Amino acid sequence: MYVLIANILLLFFGIGALVTGYLNRNSPIAQARERWLKLGFYFLILTLVFLSIYTDYISLLAICIGIVGLYEIGKAHLSSARSLLFFCSVVVLYLALIAAFINFGHRASTEKVCFIYFTVVVFDGFSQLCGQLFGKRKLIPSISPNKTIAGLVGALVIVSSTSLFLFPSMELSDMQTLMTSLFICFSALLGDLLASWYKRICRIKDYGTLIPGHGGILDRFDSFIFSGAMYGLICL
């Protein structure tokens, strides 16, 4: 399974590099450099996360993500005009999600964690690529102005197709694997939208600058946190 996922991701990164090159044809040098930097750091992040999954350190990674994410939520609140009660409510919800995410990393098999993260990565990547190439109509512009209907549909088609290559390793039928991948996609989308909603309330663009081209930890891992937590709560 791991070799197959690695080969599929390398193929998809090749496609991403081609699309990035196409988009950069008439772009300013600074914008083109930013796109390549974002793609390069994305590859580095994926490598580190998959290594942590493969070596069974996903629970430790989840704890680290949770701690940094809590700091980013608190820092974002300083830019908002919301009450302390609202902030405490957000923190309670976040801690509940992180607890479920850590539990998911602890209880789920390595293969399932790998499959779910792979699904989130493919969904996230092709939502962006399809949106940049074909997206005209915005999905929910008031919350996430960069998401498009074309991006969502294109990503769902790619995820549905690739998940069928992996179902023999999931101990599920092909239909169960397909339904699981779609459940993860919509969970990832909801997690992303919730994180974006909080950013809009706090009047910030990103949660931080820790990851060049991506922002903070929550900017990069919001979808994985929410989808992992939902899978752990509902499917385990």
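So, Asp-124: this one sits in helix 5, and keep in mind that what we're looking at is a predicted model. Is Asp-124 buried, partly exposed or exposed? With a relative accessibility of 23%, Asp-124 is partly exposed, because buried would need a value under 20%. Who does Asp-124 touch, if we skip neighbours within four places in sequence? Tyr-42, Asp-192 and Arg-220 are in contact with Asp-124. And how far is Asp-124 from Ile-201? Along the sequence they're 77 residues apart, and from C-alpha to C-alpha it's 23 Å.

Quick reminder first: a pair of packed helices is described by two things, the angle between the axes and the distance between them. For helix 4 and helix 7, the axes come within 13 Å, and they cross at roughly 160 degrees. Anything over 145 degrees counts as roughly antiparallel, so that's what we call helix 4 and helix 7. The crossing of these two, helix 4 and helix 7, is left-handed. Which residues make the contact? Helix 4 brings Phe-86, Phe-87 and Val-90, and helix 7 brings Trp-197, Tyr-198 and our Ile-201. Sort the residues of that contact and you get six nonpolar, no polar and no charged.

As a general point, in soluble globular proteins nonpolar side chains tend to be buried together. Here the largest nonpolar core has 69 residues. Helix 5 supplies the largest share, 13 residues. Take Phe-50 as an example: leaving out neighbours within four places in sequence, Phe-50 is in contact with Ile-5, Leu-9, Cys-114, Tyr-117 and Phe-118.

Most residues other than glycine have a negative phi. Asp-56, in the loop between helix 2 and helix 3, has a positive phi of about 65 degrees, and it isn't a glycine. Asp-56 is exposed, at 59% relative accessible area. Then there's Arg-203, in the loop between helix 7 and helix 8. Arg-203 isn't a glycine either, and its phi is positive, about 60 degrees. Arg-203 counts as exposed too, with a relative accessibility of 67%.

Key. Residues numbered from 1 in each chain as written. Predicted model: local features only at pLDDT ≥ 70, side-chain atom pairs only at ≥ 80, totals over all residues. Heavy atoms only, no water. Core = buried A, V, L, I, M, F, W, Y, C linked by side-chain atoms within 4.5 Å. Buried < 20%, exposed > 50% of the residue type's maximum accessible area, 1.4 Å probe, protein only. Helix = DSSP H or I, 4+ residues; strand = E, 2+ residues; numbered from the N terminus. Contact = heavy atoms within 4.5 Å. Axes fitted to C-alpha atoms, helices over the stretch in contact; angles between N-to-C directions. Parallel < 35°, antiparallel > 145°, perpendicular 65-115°, else oblique. Left-handed = near helix turned anticlockwise from the far one by under 90°. Nonpolar A, V, L, I, M, F, W, Y, C, P; charged D, E, K, R; others polar.
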